[in-house]
Amino acid sequence: MISAWRFQRRSLSDIDLSTAANDVSASASFSAPKNPQRIPVNTLPVFRDLWPCICRHLLHLVTNGNVGQTPCPVTHMLVVWIVMGILVSAGYGRAEACTLPPDHAGLLFPVERVNPDWACRLQAIIQNHTTESRLGPIRTALSEPLYRHLLDHPPFTADMIRRLHLGRYRSEARGPGRFWGDDGEGTKGIVELVYEDPTSRIYFLEGIHEGRLLPHVTGKAVVFLRTGAMRDANNNETTNSTLVAYTKLDNRFLSGLVSLLHPLVSKVVTSRLQKGVETVDRLGVVMRLDPERVMSELANPPALPEHHVAFLKQTLMGP
């Protein structure tokens, strides 16, 4: 054991001498990298040029200049830490490249709180959007707690809208914060909640639109939503909503014709957003003016989740 330990210490002390003796060859190796095919595919551009040189010198360090010699454990651990440091640095450089602007149509959003896993996906849409739309502020006849409840449960909200004959919306849950939706007029897709706080929400949308003027158009969108509680002239609590949407078409040909199609695409996006907000406002008006009718419709089969019905009864009818 002692002799082995001394051998390892002697091998480590020889590293400086070996490195110093090969400064000339090290300089030459940096100027003429070989074996580029061994570069990892996901290596950042700044590391691609240096990777062959790094590997060559790490190999020299591990074997103490004798290729084929088994490295000692301490040296092996040292090299592992060096490689880990390089890879971590590369990872940080990649994460820092995906940043979101906080200002959207004059509204500030806490984008620094967005999960880093989402940052690059949203950035690609925002920076390369086909259209940008702002809608609002629009006032809806709903208290803020009720408005948030409807936002949090799209399948229940769509069911209420259909039962009250206010629209043909359909929705299904597809996971935490992820929903499939269909407006009944040619637009359907997936909606995912990326971020929320009491006044702000950020959504990612991916879907398809079938229409007479734009047949079979697919795309993605990022929607920023700002809400706030207000009072109307009768001192009833209402909720103001402002939406900013960035839409990016998947079809390269259509995206290339953005200067010609911009008014049409922008009109479709704005109309879909406005229709959704206005439908929710009509739902709020019915709830306020005729709560008995709302509760009667909710009692019809098929039965709705009891906790949703209980929440609405408490909100609309009181204790």
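The largest nonpolar core has 20 residues, and those with the most contacts inside it are Leu-142, Met-160, Leu-283, Met-287, Val-294, Leu-298 and Leu-312. A nonpolar core here is a set of buried Ala, Val, Leu, Ile, Met, Phe, Trp, Tyr and Cys residues joined through side-chain atoms within 4.5 Å; buried means under 20% relative accessible area, exposed over 50% and partly exposed in between (1.4 Å probe, protein chains only). At least two residues of this core come from each of helix H7 (144–152), H8, helix H10 (258–289) and helix H11 (291–299). Helices (H or I, at least four residues) and strands (E, at least two) are DSSP runs numbered from the N terminus. Another core, of 17 residues, lies apart from the largest one and includes Leu-107, Trp-118, Tyr-195 and Val-222.

The model is predicted: local features need pLDDT of at least 70, side-chain atom pairs count only at pLDDT 80 or more, and totals for chains, interfaces and linings use all residues. Residues are numbered from 1 along each chain as its sequence is written, and side-chain values use heavy atoms, with hydrogens and water left out.

H7 packs against helix H12 (residues 306–317) at an angle of about 160°, with the axes 11 Å apart. Axes are lines fitted to C-alpha atoms, for helices over the stretch in contact, and angles run from 0 to 180 degrees between N-to-C directions. H7 and H12 are therefore roughly antiparallel (an angle over 145 degrees). In this pair, Pro-145, Leu-146 and His-149 of H7 meet His-308, Phe-311, Leu-312, Thr-315 and Leu-316 of H12, where contact means heavy atoms within 4.5 Å.

Seven strands form an open sheet in the order S3-S9-S8-S7-S6-S5-S4, with antiparallel pairing; two strands pair if DSSP finds at least two bridges between them. Its edge strands, each pairing on one side only, are S3 (131–140) and S4 (170–173). S3 is joined to S9 (residues 237–249) by eight bridges, and Thr-131 stands opposite Thr-247 in S9. Helix H8 (residues 154–163) lies across S4 and S5 (178–182), at about 155° to S4.

| Cis peptide bond | Omega |
|---|---|
| Gly-136 to Pro-137 | about 10° |
| Pro-301 to Pro-302 | near -5° |

Pro-137 is placed in strand S3, whereas Pro-302 lies in the loop between H11 and H12. His-165, although not a glycine, has a positive phi of about 60°. His-165 sits in the loop between H8 and S4 and is exposed, with a relative accessible area of 66%.

Note on methods
Parallel < 35°, antiparallel > 145°, perpendicular 65-115°, else oblique.
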